[in-house]
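Good morning, and thank you for making time for this item.

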Amino acid sequence: MHRRRHRLLGKDAAAGWLFTLPVIVILGLFLVVPVLMALWVSLSDWTGRGSPFSSQVGFVGLRNYSAILSEPGLAQRDFGLALRNNLYYVLAVVPLQTVVALLLAVAVNQRALRGKGFFRTAFYFPSVTSAVAITVLWLFLFNDNGVVNKAISFIGLNGPNWFQDPRGVVHVLLSWFGVDSPPAALTQRGPLGVTPWEWLAGPSVAMSALVLMAVFTTSGTFMLLFLAALQALDPEVEEAAMMDGAGAVQRFLRVTLPQLRPTLFTVLTLGLIGTWQVFDQIYTGTQGGPSKTTLTPAYLSYTSAFESQRWGQGAAISFILFAIIVIFTVLQRLALVERDPASRSRRRRAAAATHAAPAEGSVR
Amino acid sequence: MSTAVSTPAPAAGRRHRVPAGRGVAPVLWILLFLVAAIYIFPFLVQVVTSFKTEPDAASNPLSLVPETWTGAAYQRLFANSDFPTWIRNSFVVTLIVTLGRVFLNSLAGYALARLDFRGRGAVFALLIAVMAVPGVVLLIPKFLVVNTLGIYDSFAGMTVPLLADAAGIFIMKNFFESIPRSVEEQARIDGAGTFRTFWSIVLPMATPALMTIIILSFQGSWNELNHFIVSTQSPELTTLTKGVAQLASGQLSQGSQYPLKLAAATLMTLPVAVVFLIFQRRIMNTSLGAVKG
């Protein structure tokens with residue numbers, strides 16, 4: 001018995017490695033090795049010619065990182081602007097897409113609703129199309145004389161020239177109250193070579209159109225996650241609350257929402273990870289313009305390397321971006337976990353239900 | 001978007017005969033319908049505009065009926081541009097990536113679910129770690145290694161790095177774990193080898209999971225952009241996403257040319273739309289991996 005088990009194990013070992021080898025080789029070769037190569041490039045003065053490992057390429061330590069982070073200059077200012085733009089994008093998109101997705105899920109989950117399938121299809125369809133196709137469409141919808149501005153003109157307003165308008169929305173709001181120029185204190189050089197006035201500008205009008213696009217394309221995906229979680233809930237809990245005389249809004253806020261916490265966590269994390277990586281839309285649409293207000297770290301990393309041939313700086317930006325994503329994800333996890341440690345086991349059970357949902361779908 | 005309301009009018013009329021949602025307040029139902037209209041309207045505009053003339057598209061962007069229907073945009077795409085090459089490349093890449101992923105993901109998924117081998121935990125940990133690396137961070141790294149390996153600007157460089165996909169491996173692993181072990185034990189007792197057991201006994205039982213992988217891989221590789229930007233440069237290897245992106249950003253042409261661009265966007269959306277409409281239920285149950293920024 002013992003010997004037979006051993007033999008089987010040996011056979012399994014060979015097959016196990018053989019079966020996973022192709023995947024390990026590909027992931028190693030195209031993920032692990034390249035990351036190490038890029039790490040080296042971010043510490044070197046490679047200009048894109050020849051091999052990054054040739055003897056002409058020099059080790060420059062953290063100079064690429066300091067050019068972006070601490071030395072006043074164009075590289076630093078561009079990075080500062082990209083960071084500001086993306087920060088506003090994240091701050092706008094993540095809450096919006098989460099709330100919209102949650103509301104859609106709750107609405108579509110109504111037991112008595114007719115045409116559920118139609119609504120789910122309508123809300124989810126934008127998520128399956130490519131970012132490129134959606135961006136092309138958005139450039140048309142939001143152009144100066146486009147669909148959106150025509151629609152706005154029906155209520156007697158003049159829409160902006162969306163993708164050409166670099167004004168920050170905070171500045172636009174302030175200008176309605178007659179504040180058109182910054183107080184002197186806000187025009188000093190601020191963090192990363194960007195003045196406080198610029199840091200506080202809010203997302204530009206152009207970026208706002210991209211924010212709407214992101215909500216349009218991702219809310220359907222997240223709606224499905226919330227929907228799966230809602231359907232895994234025990235209806236008795238809500239019925240009990242109804243017996244106790246809780247109104248619909250109260251039931252949602254006090255009973256349903258707390259049970260959705262694990263899904264909320266998943267949605268917020270995926271949202272944070274996704275929004276810090278915005279690239280396809282920028283490449284297809286605005287290419288960082290107008291006035292660099294839609295420049296993002298991911299796109300800046302690409303142009304620094306492939307267009308300006310500053311490979312070290314490009315690689316350094318992508319590692320900083322990586323660090324940002326990791327930090328935000330960890331912070332967000334801590335914030336959600338610390339709020340109520342008591343419900344940890346319940347949450348784990350619910351999390352298991354959430355994660356099981358997609359797998360179940362494939363099993364069916 | 002006040003006019004979005006009027007768009008699905010025929011559908012609204014048809015629904016009217018049915019009492020609007022028993023138990024659901026009509027207000028909610030109407031509200032939901034308006035939101036749905038906002039989600040659908042852009043795509044109607046896209047398709048209709050692709051059949052408009054340029055002046056018509058510019059002056060009546062909202063209208064859902066072209067002044068004169070014209071297929072000029074489509075004609076130009078096929079007769080006077082590289083569009084057919086882009087389509088071909090997208091199909092070739094999608095086919096290779098999808099087939100490769102189906103095979104490699106199920107192999108690895110089976111090993112992780114069923115085969116006891118030393119280091120399985122480590123392989124699993126590697127996959128988890130790899131899944132956590134954000135794709136955009138890998139733009140420069142991928143170019144470096146593709147270039148160093150000498151497969152830059154080739155179909156190999158475009159497809160091989162996309163062949164392994166951690167999410168797909170997890171889907172397969174989960175599925176294989178749900179199949180009772182007794183099925184394989186029988187085959188093993190009959191003397192079938194590991195690969196044979198996997199290939200002729202277990203894999204055919206995994207059709208539902210394989211369908212999921214096929215759909216997700218198709219959608220993923222058809223819509224992939226940034227990997228192709230950094231792994232190719234020659235026009236003969238341009239895919240739809242890359243070609244249309246350059247068309248949109250005006251790198252290839254002058255002026256707005258909205259009907260042309262929207263025709264291109266419509267055509268590139270068509271295959272995923274068709275797959276989506278056919279496999280709706282399955283896609284909507286497995287959307288976790290496909291989140292855009």
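Pro290(A) sits in the loop that runs between helix 13 (280-286) and helix 14 (297-306) of chain A. The model is a predicted one, and in it the peptide bond joining Gly289(A) and Pro290(A) is cis, with omega at about -10°.

Leu192(A) is not a glycine, yet its phi is positive, near 55°.

I turn now to the second largest pocket. It holds about 790 Å³ of space. Its lining comprises 22 residues, and those nearest the centre are Asn109(A), Gln110(A), Arg111(A), Glu238(A) and Thr256(A). Four elements of chain A each give two or more residues to this lining: helix 4 (116-128), helix 9 (205-231), helix 10 (235-243) and helix 11 (248-259). Which helix gives the most? That is helix 11 of chain A, with seven residues. Sorted by class, the lining of this pocket has ten nonpolar, five polar and seven charged residues.

The last topic is the contact of the two chains. Chain B brings 116 residues to the contact, and chain A brings 105. The size of an interface is often given as the accessible area lost when the parts come together. For chain B and chain A, the buried area is about 9,500 Å², and carbon and sulfur atoms account for 77% of it.

How many salt bridges does the rule find across the interface of chain B and chain A? The count is zero. Polar contacts are found there, however: seven residue pairs of chain B and chain A qualify, with both residues at pLDDT 80 or more. On the side of chain B that touches chain A, helix 2 (residues 26-49) of chain B gives the most, with 15 residues. The residues on that side of chain B divide into 78 nonpolar, 27 polar and eleven charged.

That concludes my presentation, and I welcome discussion.

Definitions and conventions. Residues numbered from 1 in each chain as written. Chains lettered and ligands numbered in written order. Predicted model: local features only at pLDDT ≥ 70, side-chain atom pairs only at ≥ 80, totals over all residues. Heavy atoms only, no water. Contact = heavy atoms within 4.5 Å. Buried area = accessible area lost by both parts, 1.4 Å probe. Salt bridge = Lys/Arg side-chain N within 4 Å of Asp/Glu carboxyl O. Polar contact = N/O pair within 3.5 Å; in protein donor to acceptor, adjacent residues only side chain to side chain. Nonpolar A, V, L, I, M, F, W, Y, C, P; charged D, E, K, R; others polar. 1 Å grid on protein atoms, 1.4 Å probe; cavity = no way out; pocket = protein on both sides within 12 Å on 5 of 7 lines; lining within 4 Å. Points joined across faces, edges and corners; volume = space filled by probe spheres on them.
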